Every structure is written in structure tokens, then in C-alpha cells.
Number of protein chains: 2
Amino acid sequence: MTDSVREDIDITYFTEANSADVVIERMSGTGTPRMAKVMGSVIRHLHAVVKEVEPTQDEWMAAIQFLTATGQMCDDRRQEYILLSDVLGVSMLVDAINTRRPTGATENTVLGPFHVENAPTRPMGATISDDGKGEPLVVTGKVVDTDGNPIEGAVVDTWQTSHDGFYDSQQPGIQPEHNLRGVFRTGADGRLWYRSVKPTYYGIPDDGPVGQMLRAMGRGNTRPAHLHYIVSADGYETVTTHIFVDDDPYLTEDAVFGVKESLIRTFVHRDDPVKAAELGVSNPYWSVETDFVLTEQS
Amino acid sequence: MTDSVREDIDITYFTEANSADVVIERMSGTGTPRMAKVMGSVIRHLHAVVKEVEPTQDEWMAAIQFLTATGQMCDDRRQEYILLSDVLGVSMLVDAINTRRPTGATENTVLGPFHVENAPTRPMGATISDDGKGEPLVVTGKVVDTDGNPIEGAVVDTWQTSHDGFYDSQQPGIQPEHNLRGVFRTGADGRLWYRSVKPTYYGIPDDGPVGQMLRAMGRGNTRPAHLHYIVSADGYETVTTHIFVDDDPYLTEDAVFGVKESLIRTFVHRDDPVKAAELGVSNPYWSVETDFVLTEQS
């Protein structure tokens, strides 16, 4: 496929055969070249879908109504079109295209809608669980460059669901504000460690048009358990990513396709009262180790 | 392109390379085969657009915001998603796919948003101009089958803009209700004739997201002058179409791509006081002749 108009056909008037060419040709030179490229591609593929699918008028109207309802579901707290983009893998694809990195560097995944800007800075080793609910988890690792050298002063912003699958912002009055959120800064050794609780899988909102679509596709709405990270350091590309819990039953069914194989981590169940006491968690507990490998800014 | 998943690649987890396959494969057998076909095509082409265009995160967010705003522009009186479908040629393509007819039969074009169900039935030869404003027009023709035989009892439902480019429903209090609308029924000779005024070109709504998009594409929002028809008869396929005025300056720039070459008619300017008096119009006047050729229902 190409977004240029074919030279060998008459495009004066619309026909079923020349439809995409007629529409693309109508763009004039007053638009930007970028707009022409984007709309050329959109028009070409939109017409290809219609020609492959041959929708009835009723099916076409159902599509119009779906797109309308998806827009009308959006408000200050809900962005149903981002959700649609997420469940069709488009958000992940846009993310992948914009964060291509050399092998060995930590891969990106989607930001998701639950990051907040003003999470509390916490000292290394602190717990981010302000309500203490759930199975204890100790996270250890380091922030390094692609040669394995520690990065000092890297900022690690993390957030996650509670033990029963909700972010603090979804449960105001139940969870304390900023529960399971924290910002850490690495020292000269690049090391990261903090305490938390083990997250679990959860469902993305399915009470709108996107939920209806997922059911019609025979798909679920579950995201496997994960911890979110934004890792940044002066001179390095910022990494927005998750790590995923290796024993989660939904790893291969993430409703938003956020799982990359390189981001799955082994969560080890430990029964070691001495070590638990040393770390300041109750026994038994879980531990996970994860490094973040940043690439230099180009 | 195909909507089947390729066998030769690993689709356990999402990658930039396998993205569409991973998303398509996620559909389970609980959806209908039709839904799987439609969504397979949509997903395949959506991912192809993203790969061709490589949108930045800001561009992707602009697309999300456009789609959201388009939905939120819709209410009981305005359907911005149909407008979007119209200006991208999708409505015409869906119409064309659903109304393929043998050569010689009258071609379909889009219904548009201005048809009303309860237009007045008028006797053959009547005027549909209730306010008398504009240059007089006499429409003559016949409704025939594909062998040229007249069809008796054919119902011709017509509507059009005023001389200055507005439908009655756009100007309540200015135009009388049902101005320039009429339903006629053919006799044994299949003949149609009625009086009206010459329509002019007009702009589709451009005060919403679709108007912004048209401007960014360097496109106008004008539809060339036309008369609308729905022609139906027992035993024949209903034709929804327009005829277009041959001297209109926007014939090759219809914002919704509704013009088909076979639907352009010669509008003749006549200066003939005797004939004008016979027809019951003021002199000078315009005349146009158009036949409607219906195909038998299969």
C-alpha cells in the first residue's frame, strides 16, 4: 500500500474502484506534508477495511454508534478512546515505535492511566505500603547503564495496585492517598531497594462501549499483576515500564498487551524469619530483583 | 493483507513486529465469525497505519482527542461521526458496495441527513416550492425498468435546498415546513413532472472537529447543487440518489464525494414565455430531464 495516488486511473468522480484515490487526491497543498501522509495512510486503510469487510448499512451504522458512544463515555475521569487504543494494541505499538532501544536496555511498556505527578519521595528501604495490607514484598535491584555501570541520582518513580487489585485513586477513603506509590533516588552504587506488598491482577473498566466490544470479541478485561516504574536520570533516556509477576495466570492474556517477555520477573516466596526481621517485613515474604538498564540520550 | 494470524511467528507476547497477530489471536471462539472477520480487518489495518505513519506520542494523543471530540459533538440534531464518514468517502463506499447495479440502471448515492419521513404527497405537475423564491425549474422524466418499460405506481420522494442553499429544516420560521419537498406517484405512463426552483451549492457543517480536519487537509466543505430522490416501486430495488446541476462550480469538489458522472444532468435555461405560461412558471426558467431506471428485486 502507498499513500500516493495512482496515475493510471480516472479520479474525477468517485467510484467503488477508485474511492481511496479520489479522497486522497482531494487534499490540497495548503495542508502540511505530515498531515497529508497521515491522512493518506488513514484513508487508504479505512477504504481497504470497508472493501474487505463489505459492511451492510446496519453494520456501518453500528460502527458509527460505537464510535459516538466511545466519545460520549469520556469525561474528566474516564478516557474511553485511550482504553479502545489500549485493548486494540495500538497504545503498545505507538509506545514500541517511540522507544526502540538496543538489546539489553530495559524495554518500555505503556504508562497507563494511574500515574500521579506528586507521589511522595521516600528514603531507600522505605515501605510504600501505608496501610500494610497484603503479602510483604521486598524489591531490590539497581539502575545501570548499558555497560553495567551504576547510575547515581537516578529517580525511580513506582506505583502499583493493592493486594486486591486497586490503585489508591480508585479507592479514596479506603486506601490512604499515595498508598503504594513512591519516588526513590539512587546513591553512588545505583542500588534500589524498598518494601511493598505483592500486587494482583485486576480488570480494566468494562462498563462502557469498549467492554461491550471486548465481550463481542470473546475477550477478557484482565491485566496481569505488575509494578509500574518511570526511571529517569540526567543524560539517559527515561524508561516507562512495568515488571510482571511470573506466577500470574493472565500473563499471556493482558487486556492491553503490555507484557513483554523481558519484563517478567521471578517473585520468590521466602520463609526466613531472620532475614525478614533484618529487612523489616513479616515472615514469610516475597522478594523480587530487577535491574533497570538505561541508554544514553542521543 | 489477511485477517488470519500467521503461523510462522511467536505470538505469546506483544512485539512491534507481531503486534497485529497478537491482538487478532486474542479473540476467542465465543465471538461470532462476522465479528472476528470485521475486527481482524480493523486491527490489521489499524496497526498498518501506525507502522506506516509512526506517530509520536503527541500525534497519537491528538488523534485520541479528535476521536473523542467528534463523539462529543454528536447530539439529537448533529451526527459528527456520520459527517466524518462522509468526508472520508466511507459513506459513499458503503453505499456503493450495497447498491451494485447493472449498467444502465440508475446509480445510488448517499441519503444525507436531510430526508424527512412525512413529506407531503403532491399531484403530478405541482410545485414543491411553497415560498416561490428562486429561479423557476421544471423537472420532467420517467420511471422505467431496465428494458425501458414505464413503471406505474412508482413513488418519487424528492427534497432539495432553497435557491440560497438551505433545507427547510435548517431554516424554521424562514422557510415554510416541507418547502421544496414532495412525494409523487407515477401513472401508467411512468411519467414524472413537477415544478421547483433551481438549487445551489451549500456548505456542510464545519464548526466541529470534522471542519477542523477538513481545513488541516486543505479541503473545502461545499456540496455542489443537487436534487435528492428516493424512487421506489413494488418489485423493484429502491434507488436513493441525487441529480446534480451540470453548471455547478463544485462538481469535482463535493465534500462528501456524492457525485457520480451518471448523475450529472444538463439544466437548460429557457426563454419561452408561451411554454412558461403553459407550464405555470415565470419566464425565463430552467428545465431538466431525468429518467430513473429501476432494477427488479432479485
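The points below go from the overall model to the contact between the chains, and then to single elements and residues.

1. Confidence in the model. This is a predicted model, and the predictor gives the complex an ipTM of 0.93 together with a pTM of 0.93. For chain A the average pLDDT is 95, and 98% of its residues score at least 70.

2. Overall make-up of chain A. The chain holds 7 helices and 12 strands, and its C-alpha atoms fill a box of roughly 80 × 45 × 30 Å when taken along the principal axes. Of the 298 residues in chain A, 42% are buried. Among the contacts in chain A with a separation of 6 or more, 67% are between residues 24 or more positions apart.

3. Relation between the two chains. Chain A is superposed on chain B by a rotation of 180° with 0.0 Å of shift along its axis, at an RMSD of 0.0 Å; the two copies are thus related as by a two-fold rotation axis. Which residue of chain A comes closest to the rotation axis? That residue is Gly71(A), whose C-alpha lies at 2.1 Å from the axis.

4. The contact between the chains. Chain A gives 61 residues to the contact and chain B gives 61 residues. On the side of chain A that touches chain B, the elements giving two or more residues are α1 (19-25), α2 (33-53), α3 (57-72), α4 (80-87) and α5 (90-98) of chain A, and the largest share, 15 residues, comes from α2(A). Sorted by class, this side of chain A has 33 nonpolar, 20 polar and 8 charged residues. Because 100% of the interface residues of chain A are also interface residues in chain B, the copies meet through the same surface.

5. Helix α5 of chain B. Why can this helix, residues 90-98 of chain B, be called largely enclosed by the rest of the structure? The reason is that 7 of its 9 residues are buried, and the buried residues in α5(B) are Val90(B), Ser91(B), Met92(B), Leu93(B), Val94(B), Asp95(B) and Ala96(B).

6. The nonpolar core. The largest nonpolar core has 144 residues, and those with the most contacts inside it are Val143(A), Leu294(A), Val143(B) and Leu294(B). Leaving out residues up to four places away in sequence, Val143(B) touches Ile151(B), Ala154(B), Val156(B), Thr186(B), Gly190(B), Leu192(B), Val231(B), Ala233(B), Phe292(B) and Leu294(B). In soluble globular proteins, nonpolar side chains tend to be buried together.

7. Strand β2 of chain A. Since 5 of the 6 residues of this strand (residues 155-160) are buried, β2(A) is largely enclosed by the rest of the structure. With strand β3 (residues 181-185) of chain A it runs antiparallel, joined by 5 bridges, and in that pairing Asp157(A) has Val183(A) as its bridge partner. With strand β7 (residues 226-232) of chain A, β2(A) is again antiparallel, here through 6 bridges, and Gln160(A) stands opposite Leu227(A) in β7(A).

8. The open sheet in chain B. Here 5 strands form an open sheet in the order β3-β2-β7-β8-β9, with mixed pairing. The edge strands are β3 (181-185) and β9 (264-265) of chain B, each of which pairs on one side only. Strand β2 (residues 155-160) of chain B pairs with β3(B) in the antiparallel sense over 5 bridges, and the bridge partner of Trp159(B) in β3(B) is Arg181(B).

9. Tyr250 of chain A. Where does Tyr250(A) sit? Its place is in the loop between β8 (239-245) and β9 (264-265) of chain A.

How values were computed: Residues numbered from 1 in each chain as written. Chains lettered and ligands numbered in written order. Helix = DSSP H or I, 4+ residues; strand = E, 2+ residues; numbered from the N terminus. Contact = placed C-beta atoms within 7 Å. Nonpolar A, V, L, I, M, F, W, Y, C, P; charged D, E, K, R; others polar. Least-squares fit on C-alpha atoms with pLDDT ≥ 70 in both. Core = buried A, V, L, I, M, F, W, Y, C linked by C-beta atoms within 7 Å. Buried ≥ 20, exposed ≤ 12 C-beta atoms within 10 Å, placed from the backbone. Pairing = 2+ DSSP bridges. pLDDT = per-residue confidence, 0-100.
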